[in-house]
Amino acid sequence: MAEKEALQLLLTPFFFIFGSLLGSFSNVVILRMASGKSVIFPPSACPKCNHQLHAIDLIPVLSWLTLRGRCRYCQTRIAWQYPVVEACMAMILGFSYLKAGLGLPFIVLAGRTAIWFVASVLFVRNEVQSPNPFAWAVIFYVYLNFPLGVCPFVDRRVLAIPVIAAVAALLASFRNERTNDFAWGCLSFIAIYSLLQRFSLLTAIPVLLAALLNRYERTRSVGHLLFFGLQITAIIYAIAPM
Ligand SMILES: [Zn+2]
C-alpha cells in the first residue's frame, strides 16, 4: 500500500505538467478552429509581429507570467486565455489522475473532461459557428463510458436529457442568428448528463435559465456567461476528489 502511495505521489506532478502542455496545444486548437486554419502547421508565431515562438516562449503558464503577459519580441499583450486554459488543463489531468488512478478510468475521465472543457472555451469565444466540435464532444462524452462497462442508456433519466438539451437550444437561439444552437444543445446535454449520478434532473433548471436569458437582446451576454460558468462548475464537480 505504501509503495502504491509513493508511486502516486511521484506521478502526480507528471500529470499536472503533461496537462499544462496539453492546455498549450488546446489553445492552438481553439484559435485555429476559430479562424479555420490547420491545427498542425505552421509552427506557433506571435499573431501581431509574426515572430516565430521558441521553446522558451511556449512554457505553459510560466512563459506568460515571466513575460508579464506580453510578446517577447513586440511587447503586444497576450490574452489571458493562454495561461488560464493551460492551468485548467493541468488541473483536469492532475485531478483526474488523483481521482481515478492509473488505468482506463483515468483515460476516460481525463479525455472526456478535456474535450468538454475545450468545447466550453470555443462556446464562450463564440467564433465557431460549425456544429462539429460540439457534436464530437457529446459523442466522446457518451461513448467513453463503454470501455468501463457502463452502458450510458441504462438510466431511464438519460432519455429526458436530449429533450431538455433541445429545449435549451431552442430557447437560446430564438430570433438570434448569432447564437450557435448546436453548441447550446450539446453543452447542455453534457453538463446535465455529467451530474446525473450526483444530482437529479433539477440541474436542468440553471441551464434553461441561462438559455432564457440568452434569448433577449438585453440579457444576452449575461446568459452566455452564466452558461459558460455552469459548464465550468459542472467540470469541477466531475473531477473533484470526492
Ligand atoms: Zn509579437
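## A buried phenylalanine and the core

In this predicted model, Phe227 is classed as buried because 26 other C-beta atoms lie within 10 Å, where 20 or more are required. Phe227 belongs to helix H9, and, leaving aside residues up to four places away in sequence, it touches Ala210 and Asn214. Although Phe227 and Phe123 are 104 residues apart in sequence, their C-alpha atoms are 9.4 Å apart in space.

The largest nonpolar core comprises 58 residues, and those with the most contacts inside it include Ala119, Ala137 and Leu187. Among the elements that give two or more residues to this core are helix H1 (2–35), helix H4 (104–125) and helix H9 (220–239); the largest share, eleven residues, is that of H4. At least three residues of this core come from each of domain 1 (1–102) and domain 2 (104–242). Ala119, for its part, touches Pro133, Phe134, Ala137 and Leu187, again not counting residues up to four places away in sequence.

Leu187 also takes part in the contact of H7 with H9, whose geometry and residues are set out below.

| Feature of the H7 and H9 contact | Value |
|---|---|
| Packing angle | about 35° |
| Distance between axes | 10 Å |
| Handedness of crossing | left-handed |
| Residues in H7 | Leu187, Ala191 and Ser194 |
| Residues in H9 | Leu230, Gln231, Ala234 and Ala238 |

The residues of this contact of H7 with H9 divide into five nonpolar and two polar, with no charged residue among them.

How values were computed. Residues are numbered from 1 along each chain as its sequence is written. This is a predicted model: local features need pLDDT of at least 70, side-chain atom pairs count only at pLDDT 80 or more; totals for chains, interfaces and linings use all residues. A nonpolar core is a set of buried Ala, Val, Leu, Ile, Met, Phe, Trp, Tyr and Cys residues joined through C-beta atoms within 7 Å. A residue is buried if 20 or more other C-beta atoms lie within 10 Å of its own, exposed if 12 or fewer, and partly exposed in between; C-beta atoms are placed from the backbone. Helices (H or I, at least four residues) and strands (E, at least two) are DSSP runs, numbered from the N terminus. Domain bounds come from an automatic or database domain assignment. Two residues are in contact if their C-beta atoms, placed from the backbone, lie within 7 Å. Axes are lines fitted to C-alpha atoms, for helices over the stretch in contact, and angles run from 0 to 180 degrees between N-to-C directions. A crossing is left-handed if the near helix is turned anticlockwise from the far one by less than a right angle, and right-handed if clockwise. Ala, Val, Leu, Ile, Met, Phe, Trp, Tyr, Cys and Pro count as nonpolar, Asp, Glu, Lys and Arg as charged, and the others, Gly among them, as polar.
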